[in-house]
Amino acid sequence: MKGNFEFRTRKSNRSLWVIQCIDPNCSWRLRASKIVPESTKFVIRKYVGVHSCSLLNRNANHRQATYVVIGEQVAPQYVGVEKGPGPKGVQTFARTELGAQISYYKAWRGRKHAHTLIRGSPEQSFHVLPSYFHMLEKLNPGTVTRIEVDGESRFKYLFLAFEVAIRGFCYMRKVVGIDGTFLKGQYRGVLLVVTAQDGNGQCYPLAWGIVDSENEDAWSWFLTQLKEIIGDTDELALISDRAPSIKKAISTVFEKAHHGACAWHVAQNIKNKFKCADIMGSYWSAVNAYRCEDFTGYMIEISNRYPRVAEYLENEVGFEKWSRCHYPGLRYNITTTNMVESLNSMLVNARDFPYVALLDVIQEKMSKWWNDRRIVATAITTPLTPSRESELRPCFAQSNGRHTSQLNPITYHVKGGELEGVVDIFNKTCTCKEFDIDKLPCVHAVAAAHHAQVSVYSLVSPYYTKEYYLLAYGETIYPVGSQS
C-alpha cells in the first residue's frame, strides 16, 4: 500500500488466499493457506515481493485502502486517550504512513471503526454492561449499581455510585449539584451527574446515571437511587436548573431536603427573556448578599430599572430559590451548579463513547482525582485546606485595629470597618451573617476569638479541615481492566 501498488484477489476461500498485482503481467504475488485444515491461522507459502509492472499502475487512491484497513492501522492512536485524531488527522495518517489518499468520509468511517476496535460497539457495550457492573462491585465492595430495562428487556436507565465516594460524602458539606449533559453516541441519551464540593473547593463526584432524556420519569428514577445512598434530611441542599422535570422530581422524591435554583441559570434566563444584561451586577450582588437588608437594597435597584425582572425574581423564581440570605436551608457559598458543569466539560471528548467505555473514563478520572488529592492532603501543613486557609488569612489582617468588647461569656461586640458585628463564639454566629452561612469565621469572629483567647480554628466548620479532606480521599477506586 505504501508503494501505491494495488492488488487483486485471484482465489479466496476458507483454506486458501491468493493475490497478485493488478497488472496481470507483473511478477508480484502472494499465496497463503491454512497451517492445518482445522486451524484458523494462515501461513504464507509463496511470496514474490518485487513488482515488474510499470509505474503508471501506481494509484494513491488505493482500492485496498478501505475504511476497515485504515481503522485497523490508526487504532493504536486511540489507545489510552479520549480524543485521538479526527477525520482530517486520519487523512494525514493515511497519506504519510500508508501512502494512500482517502476522502474525508472514508477517514470518518475509518476513525469510527478504530473507535469500535478500541472501545467496542454500542451493542457490545449494552451486552457487557451487567458483567462490567458486577466486576466494579467486586473490585470496589459497597459500590451501588442499578440497571433498569423496559418491558422488552431493553436498556432504559443506569445508576452508578462508588462506595468510596458514598463514604467520603460524610466529610462533605451537604450541598449537591445536579445536572445532565447530552451524549453523542449512536443511541444518544443523557448523562446525569451529582457532585458535592470538598473542603478545598473542588468537585466531588458522588453519583452518575445514564437515561434516555431529561424527563420526569427518568429524573424520578435517578433521584430515588440517589436518595438511597445520601438520605433525605433538612440539612441536605439540592442545587439544579429550573427545568420543570427536575423540579417536580425533586419535590416528589425528597420531602425534607431543600431545593435551590442555580443562580447562573437564573441569570441566563433573565438575559434571554428580558434582554437586560446591564442589570447583572445588581443581580449578582443580590445573589451573594448575606444580610436581607443588603439584598433589599439591590432588589430596589433592579426594580427601579426593570420592574418585570424584579417581579420575575420574586414571584416566578422565588427569593428563597436563588438568594443566599433567603435560602431556607444551608447552601454555604454554593450558589451555582458550576461544580457539575466543570465535570461535564472534562468529559466532553468521551460523550460519543459507548456507555461502558464512558464509564471507564469516569472511573479512571475519579481514581486519579482520589489519588492526587490524597497526596495533596497528606502534604498539607496547616489545620485547614489550602483554599480555606487562603480565605481566612485576610480576616486576620482586617481584624487588627478592630475594637472588641465582651457582652457576656460567649458574645462579643466588634466595631470598626464598614460594618460592626455581634459575635456568638459558642453558637458560631455573627450579625453580618457571613459566619452563619459560610461556617468560616468572618473578620468579626476572628477579632472576637483573639479577644477571648480562643483559637480561631476552633470556630471553623470541620468540613474545611485537613482531617476531613484526608478522610474524604483516604480510599482507592479500582478499575475493571480488560473486558476480554
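Q: What makes strand 5 and strand 6 a pair in this predicted model?
A: Two strands pair if DSSP finds at least two bridges between them. Six bridges join strand 5 (residues 144-149) to strand 6 (residues 155-161), so the two strands count as paired. They run antiparallel, and T145 of the pairing stands opposite L160 in strand 6.

Q: Which residue in the hairpin of strand 5 and strand 6 takes a positive phi?
A: Five residues lie between the two strands of this hairpin, and S153 has a positive phi near 60°.

Q: How do you know that strand 6 also pairs with strand 9?
A: The pairing rule asks for at least two bridges. Three bridges join strand 6 to strand 9 (residues 203-211), and these strands run antiparallel. In strand 9, I210 is the bridge partner of L158.

Q: What makes strand 6 mostly covered?
A: Of the seven residues in strand 6, five are buried.

Q: Why is Q225 called buried?
A: Buried means under 20% relative accessible area. The relative accessible area of Q225 is 9%, so Q225 is buried. This residue lies in helix 6 (residues 216-230).

Q: Which residues is Q225 in contact with, leaving aside its neighbours within four places in sequence?
A: Q225 is in contact with R146 and F159.

Q: Why does K433 count as partly exposed, rather than buried or exposed?
A: Buried means under 20% and exposed means over 50%, with partly exposed in between. K433 has 36% relative accessibility, and therefore counts as partly exposed. K433 is placed in the loop between strand 15 (429-430) and helix 15 (434-438). Its phi is near 75°, a positive value in a residue other than glycine.

Q: Where is R188 found, and what is its phi?
A: R188 is found in the loop between strand 7 (175-182) and strand 8 (190-197). Although R188 is not a glycine, its phi is positive, about 55°.

Q: How much space lies in the second largest pocket, and which residues are closest to its centre?
A: The second largest pocket holds about 510 Å³ of space. It is lined by 22 residues, of which K112, H115, G185, Q186 and D352 are the closest to its centre.

Q: Which helix supplies the largest share of the lining of the second largest pocket?
A: Helix 3 (104-119) supplies the largest share, with six residues. Helix 4 (122-139) supplies at least two residues of the lining.

Q: What is the lining of the second largest pocket by class?
A: The lining has eight nonpolar, seven polar and seven charged residues.

Technical notes. Residues are numbered from 1 along each chain as its sequence is written. This is a predicted model: local features need pLDDT of at least 70, side-chain atom pairs count only at pLDDT 80 or more; totals for chains, interfaces and linings use all residues. Side-chain values use heavy atoms; hydrogens and water are left out. Buried means under 20% relative accessible area, exposed over 50%, partly exposed in between (1.4 Å probe, protein chains only). Helices (H or I, at least four residues) and strands (E, at least two) are DSSP runs, numbered from the N terminus. Contact means heavy atoms within 4.5 Å. On a 1 Å grid over the protein atoms alone, a cavity is a set of points where a 1.4 Å probe fits but cannot get out, and a pocket is an open set with protein on both sides within 12 Å along at least five of seven lines; lining residues have an atom within 4 Å of a point. Grid points are joined across faces, edges and corners, and a volume is the space filled by probe spheres set on the points. Ala, Val, Leu, Ile, Met, Phe, Trp, Tyr, Cys and Pro count as nonpolar, Asp, Glu, Lys and Arg as charged, and the others, Gly among them, as polar.
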